[in-house]
Amino acid sequence: MLSSSSRIAGLSFRRTLATHASASSEHAAKITRHNWRRQEIKDIYNSPLMDLVFRATSIHRQHHDPQKIQLCTLMNIKTGGCSEDCSYCSQSSRYSTPTTASKLLEVDPVIEAARKAKENGSTRFCMGAAWRDLSGRKRGFERILEMVREVRGMGMEVCTTLGMLTPEQARKLKEAGLTAYNHNLDTSREFYPQVITTRSYDDRLETINAVRDAGISVCSGGILGLGETDADRIGLIWEVSCMPEHPESFPVNALVPIPGTPLENNEPVPHHTLVRTIATARIVLPTTIIRLAAGRNTLSEAEQVMCFMAGANAVFTGDQMLTTPCSPWDEDKALMGRWGLEGMSSFEQSSVARKEGERLAGTSSSQTVETGAKI
Ligand code: SF4
């Protein structure tokens, strides 16, 4: 057990870090660079790993509370039967995989799942639908808007991933209270055509632009283990660094090879490559939340913690992550407790809170903003 003096010392240390993180948020916006050269990112990526992690940790501590991890729960609200050909995905109708297609869920079970996620400490709830886009899905879209309103009404951050969006659809999602939209670039522009052929890199960027223009936070990252090279991982980070605003969230997924997909026999990405990618992203995208996403359950506790040290500060937690296994809440709570980590409150990231604007200012009187329980 800690003595009272060490507890006080610990508290004051934490306060210093937290104060530093919030005081530096305006400064951070000013120093965020959008003119990275690929070679600069390559030099960072190729630096000695211990140096790279140390530098990433230092930058992480300037812009984030290093003890905070955002806990998110991701639910599939419409599974399988997707017309796209993403070669890693179990939900594409082009491949014979163990995933069974189903229709869009009703509102009630989704709200029930969000409530359970909130009770377990998640402060962001993400809903994913397996389809190319929303065209011809007017009633389904109305149902999704209702889900967004309900989840946001619970004081949680709410995110969706629904394929390609038009500016008008993005605007409606924003009006319904959507906090963030996930649309990954997956990999570099050069390697992308070897992974997906049914929609282009520029199609993806167009959706991301529509989301940003609607005032919704952008969640866009990639997948490691697709067969890409270091140059492709560097290219992905470079691509998002050039955006007019850095994505508020950058997911780093490790491929979970699915039997029946073209990538079923891919080798797992080495842990040091995962750490190197996270650390580089942390340095180049200093204010972004780096999200340790699919494949986390294949990592040991020490490997996960190394990712947090390199700058990752969000995880998916719960029963399932789309169609791949996820780390359960209880295990995550225990792990975080052992390492002195705690859950982030909803809207704690200043750039996300800024986009929430007046809606967040009105929250205190009409709703409760979910506070991440210390676990
Ligand atoms: S990743 Fe999304 S768009 Fe691609 S096949 Fe899977 S569900 Fe469809």
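I looked up the ligand shell first: Cys 82, Glu 84, Cys 86, Cys 89, Gln 91, Ser 92, Ala 130 and Gly 163 surround the ligand, where near means a C-beta atom, placed from the backbone, within 6 Å of the molecule. I sorted this shell by class and got 4 nonpolar, 3 polar and 1 charged residues. Here Ala, Val, Leu, Ile, Met, Phe, Trp, Tyr, Cys and Pro count as nonpolar, Asp, Glu, Lys and Arg as charged, and the others, Gly among them, as polar.

I note that the model is predicted: local features need pLDDT of at least 70, side-chain atom pairs count only at pLDDT 80 or more, and totals for chains, interfaces and linings use all residues. Residue numbers start from 1 along each chain as its sequence is written.

I then traced the neighbours of β7. Strand β6 (residues 222-224) runs parallel to β7 and is joined to it by 3 bridges; pairing requires at least two DSSP bridges. Ile 223 has Asn 253 in β7 as its bridge partner. Between β6 and β7 the chain passes through helix α9 (residues 230-241) in a right-handed β-α-β crossover, clockwise from the first strand over the helix to the second with the strands pointing away from the viewer.

I found 4 bridges between β7 and strand β8 (residues 289-292), also parallel. Ser 249 is opposite Ile 289 in β8. Helix α10 (residues 271-284) carries the chain from β7 to β8, and this β-α-β crossover is right-handed.

How values were computed. Helix = DSSP H or I, 4+ residues; strand = E, 2+ residues; numbered from the N terminus.
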